[in-house]
Amino acid sequence: MGTEEREGPRRGCRGRRAKARPLLSAFLLAFLLALSLAPASCGREGMPLGTEAGEEESGAASQESHVKFSFLVCGDPHGRTDLLAEVIAHALEGEFLVVVGDITTGRGVEEMRRMKGFLDGSGITYHVIPGDNDMLGGSLDTFWQVFGADYYSLDVQGVHLVFLNDAVPGVGCPPRELSWLREDLAGSAGKTVVAFAHVPPGAPVDIGKRGFVARESESNREMRDLLASAGASVIYCGHIHAYMLYASGPPRVVVTGGAGAEPHLSPESGGFHHFLRVTVEDGQVSEEVIPL
């Protein structure tokens, strides 16, 4: 499976890192309750999210240009490798893994190196982006040192995959990254676009204490709008420790924050450990949730 990668520049984006949040604050409870009461709901046990609503077809595919592949997506392992091992054990031949942030709990460089060592030794091709927990002291330096670029893109069978960092505390998606994204998407006209970010657009970076920060919300919505203008089918996110259809789009926003962190919601509302198998076929993107 050939890939062509375009990497964003490594530039410093500093701010205060959100600390671990063992208890749910009143703000977090209200925020998650509002999401759980939204018309778009979550499911489980092998239930695919529908592709009829909210998905854009990138163009009629001829029989000669038939495209179909699948990959795995999970989020918020929070330093756990036991569930990541289960996710990887489900991988079919040719599938790769995407981890949408909060790989660690923010305890330091050794924790991050341990997680990278596990992924390197797993035998699966993987792609990662940082979550707010992965920015030690609000800095991306450790993530860059251990994993590399915090935003980049690549093509798989003509499908454009965009990996974004929208979790910088107090900033969201930095201006330099938004400029890069605008240029990157301009070169992807006519392609199916699938995006990955840690924070669902519109959600606060710190959902436990600080709550909404205007700059975070504005920059992440600009990120979403750029993707929508490019015809992106879906943005896969983590951050909320649950499985849910966060927004029906376009583009759809699907939250998969169940690879290790303590769930924020009840099992009935999507708060269970899980990962997604995403299938891309001739411009259509769908996913199946697989409980762990």
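Predicted model: local features only at pLDDT ≥ 70, side-chain atom pairs only at ≥ 80, totals over all residues.
Close-up 1. Let's zoom in on one of them: Tyr152 and Phe163 are stacked, with 4.7 Å from centre to centre and 15° between the planes. Those two values are what you need, since a pair of aromatic rings is described by the distance of the centres and the angle of the planes. Tyr152 belongs to strand S6 (residues 152-156) and Phe163 to strand S7 (residues 159-163), so this pair links parts of the chain that lie eleven residues apart. Are these two rings buried or exposed? Tyr152 counts as buried because its relative accessibility is 6%, below the 20% cut-off. Phe163 is buried too, at 0% relative accessibility. Both rings also sit in one aromatic cluster, together with Phe69, Phe71, Phe96, Phe196 and Tyr236.

**Close-up 2. Inside the largest nonpolar core.** Here you're looking at a core of 53 residues, in which Leu97, Phe147, Leu181 and Leu227 touch the most other members. Which helix gives the most to this core? That would be helix H5 (residues 175-186), with four residues. Now pick out Leu227: skipping its neighbours within four places in sequence, Leu227 is in contact with Leu164, Leu181, Leu185, Val193, Ala195, Ala232 and Ile235. There's also a second, separate core of 28 residues, and Phe71, Tyr243, Val280 and Val285 are among them.

**Close-up 3. Two helices side by side.** The axes of H5 and helix H6 (residues 214-229) come within 10 Å of each other and cross at roughly 5°. An angle under 35 degrees counts as roughly parallel, so that's the label for H5 and H6. On the H5 side, the contact is made by Pro175, Leu178, Leu181, Arg182 and Leu185. H6 brings Arg215, Ser219, Glu222, Met223, Leu226 and Leu227. Sort them by class and you get seven nonpolar, one polar and three charged residues.

Close-up 4. Most residues other than glycine have a negative phi, and most peptide bonds are trans. Now for some exceptions. A cis peptide bond joins Gly249 and Pro250, with omega at about 5°, and another cis bond joins Pro250 and Pro251, with omega at about -10°. Pro250 lies in the loop between strand S10 (243-247) and strand S11 (252-256). Asp102 isn't a glycine, yet its phi is positive, about 50°; look for Asp102 in the loop between strand S4 (97-100) and helix H3 (109-121). His239 has a positive phi as well, about 75°, and is found in the loop between strand S9 (234-237) and S10.

Technical notes: Residues numbered from 1 in each chain as written. Heavy atoms only, no water. Core = buried A, V, L, I, M, F, W, Y, C linked by side-chain atoms within 4.5 Å. Buried < 20%, exposed > 50% of the residue type's maximum accessible area, 1.4 Å probe, protein only. Contact = heavy atoms within 4.5 Å. Axes fitted to C-alpha atoms, helices over the stretch in contact; angles between N-to-C directions. Parallel < 35°, antiparallel > 145°, perpendicular 65-115°, else oblique. Nonpolar A, V, L, I, M, F, W, Y, C, P; charged D, E, K, R; others polar. Phe/Tyr/Trp six-rings, centres within 6.5 Å; stacked < 30°, edge-to-face > 60°.
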